[in-house]
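Hi,

Here is the structure I promised to pass on. Have a look at it, and then read my notes below.

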Amino acid sequence: MGFWIIMFICNMLIPVMMIIIGYLMYKHTPKSINGVYGYRTRRSMKNMDTWKFAHDYCGKLWFKVGWILLVISVIVQLPFINSTDSIITNMTLILEAIQICGLIVPIFIVEKALKANFDKDGRRKTQE
């Protein structure tokens with residue numbers, strides 16, 4: 001049971017961090033474009049408009065995905081409470097792979113939204 005508890009806590013790290021960082025990204029966007037922290041891609045760092053848009057969009061997405069992953073992670077782990085360490089390890093590897101996908105896929109969605117809303121120079125596209 002002790003190993004299960006340790007793995008349970010470890011498996012909560014990605015979803016909880018996504019919730020916290022997602023919230024901070026859309027509620028407290030970094031005041032200036034920087035190369036140290038924040039949602040930093042070539043497209044998001046064009047100007048303050050793209051910077052704020054990317055943080056708002058990604059933050060809300062990570063916040064939602066984080067909650068979904070948290071619920072899924074708890075539900076997936078409960079049946080394994082009395083399992084062997086090797087079974088818990090295998091379940092953790094699969095669960096963490098899913099969580100990492102949940103962490104990375106939103107980046108492609110945000111980049112697509114940036115491309116749809118801004119031209120290559122970072123100017124907002126007009127609604128036609």
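**What I found**

Cysteine 101 is partly exposed, because its relative accessible area is 46%, where buried means under 20%, exposed over 50% and partly exposed in between (1.4 Å probe, protein chains only). Before you go further: this is a predicted model, where local features need pLDDT of at least 70 and side-chain atom pairs count only at pLDDT 80 or more, while totals for chains, interfaces and linings use all residues. Residues are numbered from 1 along each chain as its sequence is written, and side-chain values use heavy atoms, with hydrogens and water left out.

Back to the cysteines. There are zero disulfides here, a disulfide being a pair of cysteine sulfur atoms within 2.5 Å. For cysteine 58, the nearest cysteine sulfur belongs to cysteine 101 and is 16 Å away. Cysteine 58 counts as buried, because its relative accessibility is 0%.

Cysteine 58 also turns up in the largest nonpolar core. Such a core is a set of buried Ala, Val, Leu, Ile, Met, Phe, Trp, Tyr and Cys residues joined through side-chain atoms within 4.5 Å. Three helices, α1 (2-27), α2 (48-77) and α3 (85-117), each supply at least two of its residues. (Helices are DSSP runs of H or I with at least four residues, strands are runs of E with at least two, and both are numbered from the N terminus.) Which helix gives the most to this core? That is α2, with six residues. Another core, of five residues, lies apart from it and includes Trp4, Met7, Ile88 and Met91. As a general point, nonpolar side chains in soluble globular proteins tend to be buried together.

Now zoom in on Leu114. Not counting residues up to four places away in sequence, Leu114 touches Tyr39, Arg43, Ser44, Thr50, Phe53 and Ala54, with contact meaning heavy atoms within 4.5 Å. Serine 44 sits in the loop between α1 and α2. Is serine 44 buried or exposed? It is buried, because its relative accessible area is 0%. Leaving aside neighbours within four places in sequence, serine 44 is in contact with Tyr39, Thr50, Trp51, Ala54 and Leu114.

Next, α2 itself. Its 30 residues should span 44 Å at 1.5 Å a residue, and the end C-alpha atoms are 42 Å apart, which agrees. The expected span is 1.5 Å times one less than the number of residues.

Finally, the aromatic rings. Rings of Phe, Tyr and Trp (its six-membered ring) pair if their centres lie within 6.5 Å; planes under 30 degrees apart count as stacked, over 60 as edge-to-face and the rest as tilted. By this rule there are seven aromatic pairs. Phenylalanine 53 and tyrosine 57 have ring centres 5.6 Å apart and planes at 20°, so they are stacked. Being four residues apart in helix α2, these two are separated by about one helical turn. Phenylalanine 53 counts as buried at 16% relative accessibility, whereas tyrosine 57 is partly exposed at 35%. In phenylalanine 63 and tryptophan 67, the ring centres are 6.4 Å apart and the planes are at 75°, so that pair is edge-to-face. Together with Tyr23 and Tyr26, Phe63 and Trp67 form one aromatic cluster.

Cheers
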